[in-house]
Amino acid sequence: MLGYNRSSLQPTIFLLLGIPGLEAAHIWISIPFCLIYLLSLMGNVALLLIVKTDHKLHEPMYLFLCMLSVTDLMLTTSTLPKMLSLFWFNDREIYFEACLTQMYFIHSLSTMESGFILAMAFDRYVAICHPLRHTTILTPAVIVGLGMFIVFRGAVLLSPHPFLLRWLSYCKTNVISHTYCEFMALIKLVCTETKIRRAYSLIVAFLTGGLDFILIICSYVLILSTVFNIPSKAARLKTLSTCVSHVWVILVFYTPAFFSFLTHRFGRHIAPHIHIFIANIYLLIPPMMNPIIYGVKTKRIKEGFFKLLTVKYV
């Protein structure tokens, strides 16, 4: 077979199919994808510059947001350039090792995104439930430590994934029915038993994204419990308003994530192009929306964005 190492049935290259059934429309689909990429780059870079230059924004929430922005930039850059090359130039080939590397970055960076969103929820919990201890709990050392732990967790827990797939035999095909390399799309091409590898992937997904989501829900239950004990309605609304941006970030990240996860595991009767679209929404929309959400909802960031434009064009 073309692109295969015959001695081990390991492909030297994979072929990315793109969006199955919509190959003729790839050039048109690439237009919104390219716009999403540009908005993600500009929005997250602008956000990082605004927080860096405005010392009033050097607070735990915005520092965690910067960590999320860096992760978003890395995630979009590890996927979209190759995706756009596929759409524009029909550049379907990707080397086996490059495919495994891309898969690792996608899953580990997505895990880090989830961790930073949880850290932001913890910040909201401390700020609202223990306001007098906020600065003593979330010290610079604690913030750095949490950031390093989140990066370490994503890097280490997902590091076995490439090795779980590296030595398998891919005797079915070397065509990946997807726009990028990811664990479930690759493991479907394997002709040997994969139950243990699938189980490990499932356990890691629960211990990261699943557990993060549960802890975020718990933090907001405690936040709401505290807020509803505030006697003044105006004070309750003002306190809740500090969480609005973060709640939107949670919804934008976890809604497509759960849909993508469920369609992978249980959506065998869902049309392939719908599954691929959901997977791409999960991967591409949050990095674009996060700076927009905080830019619209946070006065300081909005003002910083306009100052950045003024400095650039005056």
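Q: What does the secondary structure of the chain come to?
A: In this predicted model, the chain contains twelve helices and five strands.

Q: How do you know whether the radius of gyration of the chain agrees with that of a compact globule?
A: For 314 residues, the globule rule gives a radius of gyration near 20 Å. The chain has 21 Å, which agrees, and therefore the value is consistent with a compact globule. Along its principal axes, the C-alpha trace spans about 70 × 50 × 35 Å.

Q: What makes Asn-90 count as buried or exposed?
A: The same cut-off of over 50% applies. Asn-90 has a relative accessibility of 54% and therefore counts as exposed. Asn-90 belongs to the loop between helix H2 (60–89) and strand S4. Its phi is near 55 degrees, a positive value in a residue other than glycine.

Q: How much of the chain counts as buried?
A: The criterion is a relative accessible area under 20%, and 46% of the 314 residues count as buried. The chain exposes about 16000 Å², of which carbon and sulfur atoms supply 73%.

Q: What makes strand S4 and strand S5 the edge strands?
A: Three strands form an open sheet with mixed pairing, in the order S4-S3-S5. Strand S4 (93–95) and strand S5 (175–176) each pair on one side only, and these are the edge strands.

Q: Why do S3 and S5 count as paired, and in which sense?
A: Pairing requires at least two bridges between the strands. Leu-16 stands opposite Ile-176 in S5. In general, strands of a sheet pair through backbone hydrogen bonds, either parallel or antiparallel.

Q: What share of the contacts in the chain with a separation of 6 or more comes from residues 24 or more positions apart?
A: Such residues account for 78% of these contacts.

Q: How far apart are the mean positions of the positive and negative charges of the chain?
A: The chain has 25 positive and 13 negative charges, and their mean positions are 6 Å apart.

Terms used. Residues numbered from 1 in each chain as written. Predicted model: local features only at pLDDT ≥ 70, side-chain atom pairs only at ≥ 80, totals over all residues. Heavy atoms only, no water. Helix = DSSP H or I, 4+ residues; strand = E, 2+ residues; numbered from the N terminus. Rg over C-alpha atoms; globule rule 2.2 N^0.38 Å. Buried < 20%, exposed > 50% of the residue type's maximum accessible area, 1.4 Å probe, protein only. Contact = heavy atoms within 4.5 Å. Areas by Shrake-Rupley, 256 points an atom, 1.4 Å probe, with all protein chains shown as cover. Lys, Arg positive; Asp, Glu negative; His and termini not counted. Charge placed at Lys NZ, Arg CZ, Asp CG, Glu CD.
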